[in-house]
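Welcome! Please take a moment to look over the sequence and the 3D view, and then we will walk through some of the details together.

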Amino acid sequence: MEHLREIYKCLKTLVDFLLCRRDRLPKRDPKPWDPPFDPSQPSPPISYPITSLEALASRSYLRSFHFPFNRASVPLPSSAAFLPPRRRILVCHDMMGGYVDDLRVQGSGNPGAYAIWHWYLMDVFVYFSHDLVTLPPPCWTNAAHTHGVKVLGTFLVEWDEGRVICDTLLSSKESSQMYAERLTELASALGFDGWLVRVEFDVDLYDAVTIDGKLAWQNKLNDANKPFFDLCDGIFVNYTWQEGYPNVSAVNAGKRRLDVYMGIDVFGRNTFGGGEWNSNIALDALKKDDVSAAIFAPAWVYETNQKPDFQTAHNRWWGLVEQSWGILQHYPKELPFFSDFDQGHGYHFSIEGFQVAKDPWNNISSQGFQDASYSGGGNITAKGSLMDNSFFSAKLFHGQLLLDDQPVYISYSVKVDENSLFGLHLELLSETNGRTCVLIASDSESFTNAGLEYNIIIKPQIKSKVEDALAYPPWFIHEAVLTLGDYTLAGIYMVSTLKSRGLITIQNNKSSSQEGTLPETSGSSLYYASLGHISIRNKEDGAEYPPADLWITRAQNILCTSDSLGNKMLNLKLTWKLNEGSTTSFQRYNIYAQSGSGLQYLGPARAEVFYVSDLSVYIGVTTLRFIIQVRGLDGTCQKLAESPYLDLTLED
């Protein structure tokens, strides 16, 4: 057992768990990293696991072409460095063997790919597969860290193959130390937070799931597995526990009862309560004994095609989790704060109100802050019918932002139809002054007539209008200033209502419009309002961007081929770094290719590297400019004309 102790000691600075069980999977389908895949050769970047101890020991992954693309760019917020002193939820993502659409680091063309946007309901996210070393794709780490959620990879040894691996792994103290250091190095280099450790087979005395060396699932924390629990940061208890087992585990854990994560298999395989749509039964039971929960395979909703569609079923299932345990994460907590409500998928892509691409896409790295479940991505839309003198309200964020006496600048983009109004409703809490409600709206009288109550009214300024022929009606950018110290911003709501009675536009069935007056009798009218983004910052002018000449840009691994007509196809690795200063304020980039007056959007980047794949270059084009548009944490973008760039001359 001494060698196993050394592994746990070396990983103690990280977060590691001991998983007790998972049924065998059938033989998997071929994966992109199977032979003859050569990770040293340039190609569109992918995420992939390490499948042998030899590859782990050699550090070959860190020398691969794909490594720099797989580094997460979003650090875990300092406020999330330590797990909170309350019941927690760990989510273990196990879907179709792992590495599906998410293996494409720069995104895929499947807008229906699986994603999670309910980060506010969890504390720890585990990326799981049945490979030896499962490295989380950076999109998951970026999205989770944005929301203050820790991310773990998986180190797994199981069955007969696992026995052979452990014979090598635990052959000596030096061997144990070396492999532990390799795992630590990988987590640090790729930017995630630790490991879920799973050992599942019979081994020599004192080196297995139980202290007598037997593969025997305990379904609770007891004397047979507590020595392992004492050496790591938590235990993931097998999901076939029975009534009373959570309490036994809590008693055995003593002061560390919150570090016991009782498993819940959403597929319902002998799990307490039956899983599936009854997964909340197990959550309710764990809540009574004040222990933590480990939700296994929530992609059940996706894999089993639950009706009526994934988006609706996904939100409904996570709604059961919220009803049982409530909201665990709160945003905003610090400034600057920005969200465009992007869920990481869509059928077109826009930047600051202008559509730059019209192809279907998926990239979880693009997710903005999520604190409520809405369909679609990129904006929140409220539409339907409203009774006269009534309003619609929806809570967007549950905040914990402490305000001081300095001004706070709030910016948001809105599009509405001719009959509708939009506003922001802020809920502020103070120990001395109690609850204060702030309304930010251009027409406060209509909201008053609709019955909305508030203490402070702020009329925003319209800073700009964004008209895009592909997206009507236009976006209007509103800005407001709030100065109110000794308060905590606890809630942000969107509110909408109809314009007060008077001259309005009525849409008839023939899609033409006419002017009319709302009748005196009560009734309902159609309304429409979309919120594109919200930004809260403590600087009026937003992010400050370094000039283009302070960036070092390079093109590497250039491959240019021509067809019989003379058209060129270009592949290259584009990198950039700031020559002076820090890039911590810049975690997103928009990549463009410019030829003459033509500008083509290539895609988003989170790390300071982007792979240009199969870019068509027409006959006669001899020079290309690649523009790296920098985007600040407050959501603003550097002007294209002032952004760093790289000029590339194409040679025959």
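Within the group, Arg88 and Asp259 meet through their side chains, with N and O 2.8 Å apart. Arg88 sits in the loop between H2 and S2, while Asp259 sits in the loop between helix H7 (245-253) and strand S8 (260-265), so this pair ties together parts that are 171 residues apart in sequence. Are these two partners buried or exposed? Arg88 counts as buried, at 7% relative accessibility, and Asp259 counts as buried too, at 14%.

Now step to Arg87, which forms a salt bridge with Asp290; here the closest N and O atoms are 3.7 Å apart. Arg87 belongs to the loop between helix H2 (53-58) and strand S2 (89-93), and Asp290 to the loop between helix H8 (279-289) and strand S9 (292-296), so the pair ties together parts that are 203 residues apart in sequence. Arg87 is partly exposed, at 22% relative accessibility, and Asp290 is partly exposed as well, with a relative accessible area of 31%.

The whole structure holds 15 salt bridges. Another one of them links Glu427 with Arg435, their closest N and O atoms being 3.0 Å apart. Glu427 is buried, at 13% relative accessibility.

Next, find helix H4, residues 159-169, whose buried residues are Gly162, Ile165, Cys166 and Leu169. If you look down the axis of H4, these buried residues fall within an arc of 100 degrees, so they line one face of the helix. The face of H4 turned away from the buried side carries the exposed residues Asp160, Val164 and Asp167.

Gln343 is buried, with a relative accessible area of 1%, and its side chain makes a polar contact of 2.7 Å with the side chain of Gln311.

Finally, a word on confidence. The chain averages a pLDDT of 87, and 88% of the residues score at least 70. Over residues 372-377, pLDDT stays under 50, and it also stays under 50 over residues 502-521. Where pLDDT is low, the predicted coordinates should not be read in detail.

Notes:
Residues numbered from 1 in each chain as written. Predicted model: local features only at pLDDT ≥ 70, side-chain atom pairs only at ≥ 80, totals over all residues. Heavy atoms only, no water. Buried < 20%, exposed > 50% of the residue type's maximum accessible area, 1.4 Å probe, protein only. Polar contact = N/O pair within 3.5 Å; in protein donor to acceptor, adjacent residues only side chain to side chain. Helix = DSSP H or I, 4+ residues; strand = E, 2+ residues; numbered from the N terminus. Arc of directions from axis to C-beta. pLDDT = per-residue confidence, 0-100. Contact = heavy atoms within 4.5 Å. Salt bridge = Lys/Arg side-chain N within 4 Å of Asp/Glu carboxyl O.
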